[in-house]
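Visitor: Please pick one part of this model and give me a close look at it, surroundings included.

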Amino acid sequence: MGYFAFFIAFQSDEVINNSYNPRQDLLASQVIRGEIQGSRGEVLAETVTKEDGTEVRNYPYDCMFSHVVGSFDKGKTGIELSENFRLLTSHTNVLSQFVKQAKGEKVEGDNVITTLDVELQKTAHDALGTKKGAVVAIEPGTGKILAMVSKPDYDPNEILSQWDRLLDDEENESALVNRATQGLYPPGSTFKIITALEYLREHPGDYKDYSYSCTGNGGFSGIQIKCYGNERHGTVDLKQSLAKSCNTSFANIGTTLQKNRFRSLCDTLLFNKPLPINMAYKKSSFVINKSSKDSEMPQTVIGQGKTQITPIHNCMITAAIANGGTMMKPYVIDSIETSGGSKVKKYLPESYADVMTAEEAEILTDMMKEVVNSGTGRKLSDLDYSVAGKTGSAEYNSSKSSHAWFVGFAPADKPQIAVCVIVEGAGTGSEYAVPIAKRIFASYLGN
């Protein structure tokens with residue numbers, strides 16, 4: 001009896017929703033698969049019955065939601081997979097169901113209502129354009145996923161005809177991969193937020209006294225570190241180090257940090273751990289521990305080295321700062337409704353943990369505001385509200401090619417949206433990721 005109760009509470013959804021469960025085939029023969037809708041009722045996926053009686057899945061927005069909503073044919077993905085059982089379940093009027101079944105007709109399945117903002121998704125999709133990369137937008141106080149874009153994408157309406165090409169992947173596009181949750185990248189200078197947090201924790205009373213004289217390059221634990229373009233930042237404190245993204249200053253900080261405490265912080269922030277999200281994803285990785293060599297620290301603290309992170313994870317950390325230190329569990333399903341619009345189930349926000357104190361979050365917010373006011377994120381300073389953020393340029397090969405990053409939230413003093421942007425192989429975050437973030441902020445908050 002105890003195991004049965006445990007199964008119902010924790011395992012039943014997974015087992016029932018498993019694609020090998022034959023009950024799903026039975027339901028599919030009796031129920032018309034329900035719709036997947038945007039946050040304002042827009043139809044993102046629907047079942048269309050042809051004249052010959054065959055049913056096909058239709059995606060009105062073509063490739064715009066291909067990764068987060070997913071596809072139906074050739075193996076379900078995205079929401080089509082995670083909510084498969086609910087889409088094949090009907091809570092319509094029992095009498096109506098009986099009458100239709102008596103006539104040999106199918107009943108309408110329940111509709112899945114998402115948290116996705118269609119206009120914001122369109123803005124992110126258009127802003128990323130033909131570049132490879134990903135965009136994630138989250139409501140910090142709730143964890144609602146407002147937008148999720150991955151490029152290259154594909155048209156789920158055409159997946160049957162395109163399947164062989166997508167599998168062969170001769171152009172190395174990996175269009176079937178959701179880069180927002182499954183793409184692992186070096187975090188570049190966005191990781192300096194975490195390094196700054198560790199320095200705050202190790203120097204709670206005197207972090208404002210930190211000072212470093214940047215000459216554009218330097219040696220740290222036997223490793224040569226250069227600032228971007230060998231720029232000389234002069235004398236900088238901790239806030240200015242983040243605002244100007246001074247590599248040598250952070251490498252200097254890295255020589256002073258306690259490795260075991262640094263590892264503990266990254267564990268708290270869910271590196272090397274499962275993420276509390278209900279979709280396919282990869283774990284971010286952080287390898288530093290108390291036994292690591294000193295020579296590993298200079299690269300690690302500036303987001304290079306062996307550290308890797310997914311865009312969704314980077315956005316979660318950013319959203320936690322915006323939310324006063326509390327990390328919310330990201331979610332994309334708002335509710336389940338009958339085909340007639342009656343509520344079946346409502347999903348509520350859940351906090352994961354307080355990953356930092358409110359005071360630490362406030363200090364980091366102030367530092368990230370300076371990035372926009374006077375640092376590498378200045379292109380965001382002309383909006384009608386303040387933005388807190390951090391740019392990043394993450395080298396990923398021996399040719400020093402860089403991914404362009406931006407993480408941030410707005411309005412900085414009362415956050416409504418947290419954003420993460422990565423553009424693969426583009427160059428600097430300030431040049432390529434910030435303009436995309438600006439369009440997203442303007443779309444959601446106006447200007």
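Guide: Let's go for the open sheet of five strands, ordered β8-β7-β19-β18-β17, with antiparallel pairing. Strands here are DSSP runs of E, at least two residues long, and helices are runs of H or I of at least four, both numbered from the N terminus. Two strands count as paired if DSSP finds at least two bridges between them. Keep in mind that this is a predicted model: local features need pLDDT of at least 70 and side-chain atom pairs count only at pLDDT 80 or more, while totals for chains, interfaces and linings use all residues. Residues are numbered from 1 along each chain as its sequence is written, and side-chain values use heavy atoms, with hydrogens and water left out.

At the edges of our sheet stand β8 (145-151) and β17, each with a single partner strand, so one side of each has no neighbour in the sheet. From one strand to the next, the twist averages 5 degrees (axes are lines fitted to C-alpha atoms, for helices over the stretch in contact, and angles between N-to-C directions run from 0 to 180 degrees). Eight bridges join β17 to β18 in the antiparallel sense. One to click on is Lys390, whose bridge partner in β18 is Val407.

Now the helices. α6 packs on the sheet, touching β7, β8 and β19, and its direction makes about 25 degrees with that of β8; contact means heavy atoms within 4.5 Å. Helix α15 (residues 358-374) packs on the sheet too, touching β17 and β18, with its direction at about 70 degrees to that of β17.

Then there's α17 (residues 434-445): twelve residues, reaching 16 Å from first C-alpha to last, close to the 16 Å expected at 1.5 Å a residue, where the expected span is 1.5 Å times one less than the number of residues. Its buried residues are Val434, Ile436, Ala437, Ile440 and Phe441. Buried means under 20% relative accessible area, exposed over 50%, and partly exposed in between (1.4 Å probe, protein chains only). Looking down the α17 axis, these buried residues fall within an arc of 155 degrees, so they line one face of the helix; the arc is that of the directions from the helix axis to the C-beta atoms. They pack against β7 (133-138), β17 (388-395), β18 (402-410) and β19 (417-423), along with α6 (118-128) and α16 (429-432). Just past the end of α17, Gly446 takes a positive phi of about 80 degrees.

One last stop is the loop between β16 (351-354) and α15, where you'll find Val355. With a relative accessible area of 2%, Val355 is buried. Leaving aside residues up to four places away in sequence, Val355 touches Arg201, Thr268, Leu269, Ala320, Gly325 and Met327. The C-alpha atoms of Val355 and Leu270 are 85 residues apart along the chain but separated by 9.3 Å.

As for nonpolar cores, each is a set of buried Ala, Val, Leu, Ile, Met, Phe, Trp, Tyr and Cys residues joined through side-chain atoms within 4.5 Å. The largest has 86 residues, of which Val69, Ile194, Phe262, Phe271, Ile312 and Leu364 touch the most other members. Helix α14 (residues 311-322) gives this core its largest share, eight residues. Another core lies apart from it, with 28 residues, among them Leu120, Leu128, Val149 and Ala433.
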